Amino acid sequence: MKKYFLVTTICFAALAASSQNQSPKQTVALNSIEELKLLSTLWQQDAAEYRALCYQAFNTATMHIDAMPKKMRKKQHLAIITDLDETILDNSPNEAQLIKDGKSWNYPSWKQWTDLSAATAVPGAVEFLQYAKRKDINIFYISNRSVNEVASTLINLQKLNLPDADTSHMLFMSNDASKESRRQAVMKTYTVIMLMGDNLNDFANVFEGKNIADRFTETDNAKDDWGKKFIVLPNTTYGEWENALYNYKFNLTPEQKINLLRSSLQGIPQ
Ligand SMILES: [Mg+2]
(Lines give C-alpha, C1' and ligand atoms only; values in the text may rest on other atoms or scores of the structure.)
Protein backbone atom coordinates (compact mmCIF):
# COMPACT_ATOMS: atom_id res chain seq x y z
CA MET A 1 0.00 0.00 0.00
CA LYS A 2 2.81 2.37 0.95
CA LYS A 3 4.64 1.61 -2.29
CA TYR A 4 1.57 2.44 -4.40
CA PHE A 5 0.97 5.70 -2.53
CA LEU A 6 4.53 6.76 -3.25
CA VAL A 7 4.18 5.85 -6.92
CA THR A 8 0.95 7.83 -7.21
CA THR A 9 2.51 10.83 -5.53
CA ILE A 10 5.47 10.81 -7.89
CA CYS A 11 3.23 10.46 -10.96
CA PHE A 12 0.95 13.33 -10.07
CA ALA A 13 3.75 15.57 -8.81
CA ALA A 14 5.35 15.14 -12.23
CA LEU A 15 2.06 15.97 -13.93
CA ALA A 16 1.64 19.13 -11.88
CA ALA A 17 5.20 20.23 -12.57
CA SER A 18 4.75 19.63 -16.29
CA SER A 19 1.58 21.70 -16.52
CA GLN A 20 3.27 24.65 -14.77
CA ASN A 21 6.63 24.55 -16.44
CA GLN A 22 7.27 23.38 -19.96
CA SER A 23 11.05 23.03 -19.66
CA PRO A 24 12.36 20.10 -21.78
CA LYS A 25 13.69 18.27 -18.70
CA GLN A 26 10.28 18.11 -17.04
CA THR A 27 8.58 17.13 -20.29
CA VAL A 28 10.96 14.18 -20.57
CA ALA A 29 9.57 12.80 -17.29
CA LEU A 30 6.22 12.39 -19.05
CA ASN A 31 7.56 11.66 -22.51
CA SER A 32 6.02 8.24 -22.53
CA ILE A 33 2.27 8.13 -22.08
CA GLU A 34 2.88 4.60 -20.86
CA GLU A 35 4.15 6.07 -17.59
CA LEU A 36 0.60 7.15 -16.88
CA LYS A 37 -0.33 3.48 -17.04
CA LEU A 38 1.87 2.52 -14.11
CA LEU A 39 -0.88 2.32 -11.53
CA SER A 40 -3.48 0.69 -13.78
CA THR A 41 -0.98 -1.97 -14.87
CA LEU A 42 -0.07 -2.67 -11.25
CA TRP A 43 -3.78 -2.90 -10.47
CA GLN A 44 -4.22 -5.61 -13.07
CA GLN A 45 -1.15 -7.48 -11.82
CA ASP A 46 -1.31 -6.96 -8.06
CA ALA A 47 -4.81 -6.03 -6.95
CA ALA A 48 -6.77 -9.00 -5.65
CA GLU A 49 -9.82 -6.85 -6.35
CA TYR A 50 -9.09 -7.22 -10.07
CA ARG A 51 -9.10 -11.01 -9.70
CA ALA A 52 -12.33 -10.83 -7.71
CA LEU A 53 -14.01 -8.78 -10.46
CA CYS A 54 -12.94 -11.32 -13.10
CA TYR A 55 -14.33 -14.21 -11.06
CA GLN A 56 -17.50 -12.18 -10.55
CA ALA A 57 -17.89 -11.73 -14.31
CA PHE A 58 -17.43 -15.43 -15.06
CA ASN A 59 -19.63 -16.53 -12.16
CA THR A 60 -22.34 -14.24 -13.51
CA ALA A 61 -21.87 -15.73 -16.96
CA THR A 62 -22.20 -19.24 -15.50
CA MET A 63 -25.42 -18.29 -13.74
CA HIS A 64 -26.78 -16.87 -16.98
CA ILE A 65 -26.12 -20.16 -18.79
CA ASP A 66 -27.68 -22.16 -15.96
CA ALA A 67 -30.75 -19.92 -16.04
CA MET A 68 -31.34 -20.50 -19.76
CA PRO A 69 -34.81 -21.92 -20.46
CA LYS A 70 -34.77 -25.67 -21.18
CA LYS A 71 -36.16 -25.04 -24.67
CA MET A 72 -33.19 -22.82 -25.44
CA ARG A 73 -30.66 -25.26 -23.94
CA LYS A 74 -31.89 -27.99 -26.26
CA LYS A 75 -31.29 -25.84 -29.33
CA GLN A 76 -28.46 -26.83 -31.58
CA HIS A 77 -25.75 -24.42 -32.60
CA LEU A 78 -25.59 -22.25 -29.51
CA ALA A 79 -22.54 -20.03 -29.30
CA ILE A 80 -20.65 -17.58 -27.13
CA ILE A 81 -18.61 -14.88 -28.82
CA THR A 82 -15.66 -13.71 -26.78
CA ASP A 83 -12.90 -11.20 -27.18
CA LEU A 84 -9.39 -12.37 -26.24
CA ASP A 85 -7.15 -9.60 -24.91
CA GLU A 86 -7.97 -8.62 -21.33
CA THR A 87 -11.07 -10.81 -21.56
CA ILE A 88 -9.50 -14.27 -21.78
CA LEU A 89 -5.78 -13.45 -22.10
CA ASP A 90 -3.77 -11.30 -19.69
CA ASN A 91 -1.31 -9.09 -21.57
CA SER A 92 -0.18 -7.04 -18.59
CA PRO A 93 3.44 -8.33 -18.87
CA ASN A 94 3.74 -6.55 -22.23
CA GLU A 95 2.33 -3.33 -20.78
CA ALA A 96 4.64 -3.62 -17.76
CA GLN A 97 7.67 -4.16 -19.99
CA LEU A 98 6.82 -1.03 -22.04
CA ILE A 99 6.73 1.02 -18.85
CA LYS A 100 10.01 -0.48 -17.64
CA ASP A 101 11.64 0.29 -20.99
CA GLY A 102 10.12 3.80 -21.22
CA LYS A 103 8.41 2.96 -24.49
CA SER A 104 4.95 3.61 -25.84
CA TRP A 105 2.81 0.86 -27.35
CA ASN A 106 4.13 -0.17 -30.74
CA TYR A 107 3.20 -3.06 -33.00
CA PRO A 108 6.68 -4.66 -33.30
CA SER A 109 7.00 -5.10 -29.54
CA TRP A 110 3.36 -6.29 -29.32
CA LYS A 111 4.09 -8.87 -32.02
CA GLN A 112 7.22 -10.01 -30.14
CA TRP A 113 5.00 -10.55 -27.10
CA THR A 114 2.27 -12.46 -28.93
CA ASP A 115 4.90 -14.56 -30.76
CA LEU A 116 5.86 -15.96 -27.34
CA SER A 117 2.36 -17.48 -26.95
CA ALA A 118 2.94 -16.84 -23.26
CA ALA A 119 -0.13 -14.94 -22.07
CA THR A 120 -1.73 -16.39 -18.97
CA ALA A 121 -5.48 -16.61 -18.62
CA VAL A 122 -7.69 -14.02 -17.00
CA PRO A 123 -8.83 -15.52 -13.66
CA GLY A 124 -11.86 -17.75 -14.16
CA ALA A 125 -11.81 -17.60 -17.98
CA VAL A 126 -10.62 -21.13 -18.71
CA GLU A 127 -12.97 -22.76 -16.21
CA PHE A 128 -15.94 -20.82 -17.55
CA LEU A 129 -15.32 -21.56 -21.23
CA GLN A 130 -14.71 -25.23 -20.49
CA TYR A 131 -18.00 -25.31 -18.56
CA ALA A 132 -19.84 -23.70 -21.47
CA LYS A 133 -18.34 -26.22 -23.88
CA ARG A 134 -19.51 -29.10 -21.67
CA LYS A 135 -22.99 -27.60 -22.11
CA ASP A 136 -22.55 -27.96 -25.90
CA ILE A 137 -22.06 -24.25 -26.43
CA ASN A 138 -19.58 -23.36 -29.17
CA ILE A 139 -16.94 -20.73 -28.46
CA PHE A 140 -15.87 -18.17 -31.06
CA TYR A 141 -12.85 -15.97 -30.43
CA ILE A 142 -13.32 -12.62 -32.20
CA SER A 143 -10.18 -10.59 -31.66
CA ASN A 144 -8.58 -7.52 -33.15
CA ARG A 145 -5.25 -9.24 -33.05
CA SER A 146 -3.93 -9.28 -36.60
CA VAL A 147 -4.48 -12.32 -38.80
CA ASN A 148 -0.65 -12.55 -38.70
CA GLU A 149 -0.99 -13.53 -35.06
CA VAL A 150 -3.42 -16.42 -35.49
CA ALA A 151 -0.73 -19.13 -35.40
CA SER A 152 1.01 -17.89 -32.24
CA THR A 153 -2.30 -17.16 -30.53
CA LEU A 154 -3.60 -20.62 -31.37
CA ILE A 155 -0.59 -22.13 -29.58
CA ASN A 156 -1.33 -19.86 -26.61
CA LEU A 157 -5.02 -20.90 -26.49
CA GLN A 158 -4.08 -24.57 -26.75
CA LYS A 159 -1.50 -24.22 -23.95
CA LEU A 160 -4.29 -22.89 -21.74
CA ASN A 161 -6.61 -25.77 -22.66
CA LEU A 162 -9.26 -23.43 -23.98
CA PRO A 163 -12.12 -25.11 -25.85
CA ASP A 164 -12.63 -24.73 -29.60
CA ALA A 165 -9.00 -23.64 -29.95
CA ASP A 166 -8.72 -24.02 -33.70
CA THR A 167 -8.57 -21.63 -36.62
CA SER A 168 -12.22 -22.13 -37.59
CA HIS A 169 -13.21 -20.54 -34.27
CA MET A 170 -10.75 -17.62 -34.42
CA LEU A 171 -11.91 -14.54 -36.31
CA PHE A 172 -9.03 -12.07 -36.24
CA MET A 173 -8.71 -8.63 -37.83
CA SER A 174 -7.72 -8.41 -41.46
CA ASN A 175 -8.69 -4.89 -42.50
CA ASP A 176 -11.84 -3.95 -40.57
CA ALA A 177 -11.38 -2.95 -36.92
CA SER A 178 -15.12 -3.20 -36.38
CA LYS A 179 -16.10 -6.66 -35.17
CA GLU A 180 -19.66 -6.35 -36.47
CA SER A 181 -19.20 -8.24 -39.74
CA ARG A 182 -17.40 -11.05 -37.90
CA ARG A 183 -20.17 -11.23 -35.32
CA GLN A 184 -22.74 -11.37 -38.12
CA ALA A 185 -20.81 -14.20 -39.79
CA VAL A 186 -21.11 -16.28 -36.61
CA MET A 187 -24.77 -15.32 -36.14
CA LYS A 188 -25.64 -16.65 -39.60
CA THR A 189 -25.16 -20.20 -38.36
CA TYR A 190 -25.31 -19.96 -34.57
CA THR A 191 -27.63 -18.60 -31.93
CA VAL A 192 -25.35 -16.35 -29.93
CA ILE A 193 -26.40 -16.43 -26.29
CA MET A 194 -23.62 -14.28 -24.87
CA LEU A 195 -20.84 -11.86 -25.82
CA MET A 196 -17.82 -11.26 -23.60
CA GLY A 197 -15.33 -8.42 -23.72
CA ASP A 198 -13.43 -5.65 -21.96
CA ASN A 199 -14.36 -3.05 -24.56
CA LEU A 200 -17.84 -1.84 -25.53
CA ASN A 201 -16.94 -2.47 -29.17
CA ASP A 202 -16.81 -6.19 -28.34
CA PHE A 203 -20.59 -6.20 -27.89
CA ALA A 204 -22.33 -4.15 -30.58
CA ASN A 205 -21.54 -1.55 -33.22
CA VAL A 206 -23.79 1.07 -31.58
CA PHE A 207 -20.88 1.83 -29.25
CA GLU A 208 -18.30 2.44 -31.97
CA GLY A 209 -16.71 5.85 -32.45
CA LYS A 210 -18.93 7.52 -29.86
CA ASN A 211 -17.89 10.34 -27.56
CA ILE A 212 -17.94 9.84 -23.82
CA ALA A 213 -21.49 11.13 -23.29
CA ASP A 214 -22.89 8.96 -26.08
CA ARG A 215 -21.01 5.90 -24.76
CA PHE A 216 -22.75 6.49 -21.44
CA THR A 217 -26.13 6.80 -23.17
CA GLU A 218 -25.67 3.60 -25.18
CA THR A 219 -24.46 1.75 -22.08
CA ASP A 220 -27.58 2.91 -20.22
CA ASN A 221 -29.76 1.87 -23.16
CA ALA A 222 -28.33 -1.66 -22.87
CA LYS A 223 -28.55 -1.78 -19.07
CA ASP A 224 -30.70 -4.92 -19.03
CA ASP A 225 -28.08 -6.83 -21.03
CA TRP A 226 -25.07 -6.32 -18.72
CA GLY A 227 -24.41 -9.44 -16.69
CA LYS A 228 -26.73 -11.42 -18.95
CA LYS A 229 -26.17 -11.29 -22.70
CA PHE A 230 -23.18 -8.98 -22.26
CA ILE A 231 -20.41 -9.99 -19.82
CA VAL A 232 -17.83 -7.25 -19.34
CA LEU A 233 -14.35 -7.63 -17.86
CA PRO A 234 -12.38 -4.83 -16.19
CA ASN A 235 -9.57 -3.11 -18.11
CA THR A 236 -8.30 0.18 -16.75
CA THR A 237 -5.10 0.12 -18.81
CA TYR A 238 -6.33 0.70 -22.37
CA GLY A 239 -9.37 0.49 -24.57
CA GLU A 240 -11.91 2.48 -26.51
CA TRP A 241 -12.71 4.48 -23.36
CA GLU A 242 -9.18 5.90 -23.62
CA ASN A 243 -9.57 6.66 -27.34
CA ALA A 244 -12.82 8.50 -26.54
CA LEU A 245 -10.92 10.64 -24.00
CA TYR A 246 -8.60 11.66 -26.84
CA ASN A 247 -11.58 12.29 -29.16
CA TYR A 248 -10.22 9.49 -31.38
CA LYS A 249 -7.23 11.64 -32.38
CA PHE A 250 -4.42 9.15 -32.75
CA ASN A 251 -1.55 11.52 -33.54
CA LEU A 252 -1.49 13.58 -30.34
CA THR A 253 1.81 14.17 -28.57
CA PRO A 254 2.15 12.81 -25.02
CA GLU A 255 1.88 16.37 -23.72
CA GLN A 256 -1.35 16.99 -25.68
CA LYS A 257 -2.74 13.74 -24.34
CA ILE A 258 -1.89 14.65 -20.75
CA ASN A 259 -3.45 18.10 -21.15
CA LEU A 260 -6.63 16.50 -22.54
CA LEU A 261 -6.74 14.02 -19.67
CA ARG A 262 -6.37 16.78 -17.10
CA SER A 263 -9.08 18.88 -18.75
CA SER A 264 -11.42 15.87 -18.62
CA LEU A 265 -11.25 15.63 -14.82
CA GLN A 266 -14.50 16.65 -13.20
CA GLY A 267 -13.83 18.26 -9.83
CA ILE A 268 -16.25 19.44 -7.16
CA PRO A 269 -18.74 21.95 -8.66
CA GLN A 270 -17.90 25.45 -7.37
MG1 LIG B 1 -9.94 -6.88 -25.35
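Predicted model: local features only at pLDDT ≥ 70, side-chain atom pairs only at ≥ 80, totals over all residues.
View 1. Residues are numbered from 1 along each chain as its sequence is written, and side-chain values use heavy atoms, with hydrogens and water left out. Is valine 192 buried or exposed? Valine 192 counts as buried because its relative accessibility is 14% (buried means under 20% relative accessible area, exposed over 50%, partly exposed in between; 1.4 Å probe, protein chains only). Leucine 78 sits 114 residues away in sequence, yet the C-alpha atoms of leucine 78 and valine 192 are 5.9 Å apart. Beyond the neighbours within four places in sequence, valine 192 is in contact (heavy atoms within 4.5 Å) with Ala79, Ile81, Val186, Met187 and Lys229.

**View 2. The largest nonpolar core holds 39 residues.** Such a core is a set of buried Ala, Val, Leu, Ile, Met, Phe, Trp, Tyr and Cys residues joined through side-chain atoms within 4.5 Å. Ile65, Ile80, Phe128, Met194 and Met196 touch the most other members. Elements giving two or more residues to this core include helix H4 (48-66), strand E1 (78-82) and strand E6 (191-197). A second, separate core has 14 residues, among them Leu171, Leu195, Leu200 and Ala222.

**View 3. Methionine 196 and its contacts.** Leaving out neighbours within four places in sequence, methionine 196 has contacts that include Phe58, Ile80, Phe128, Asp202 and Ile231.

Methods
Helix = DSSP H or I, 4+ residues; strand = E, 2+ residues; numbered from the N terminus.
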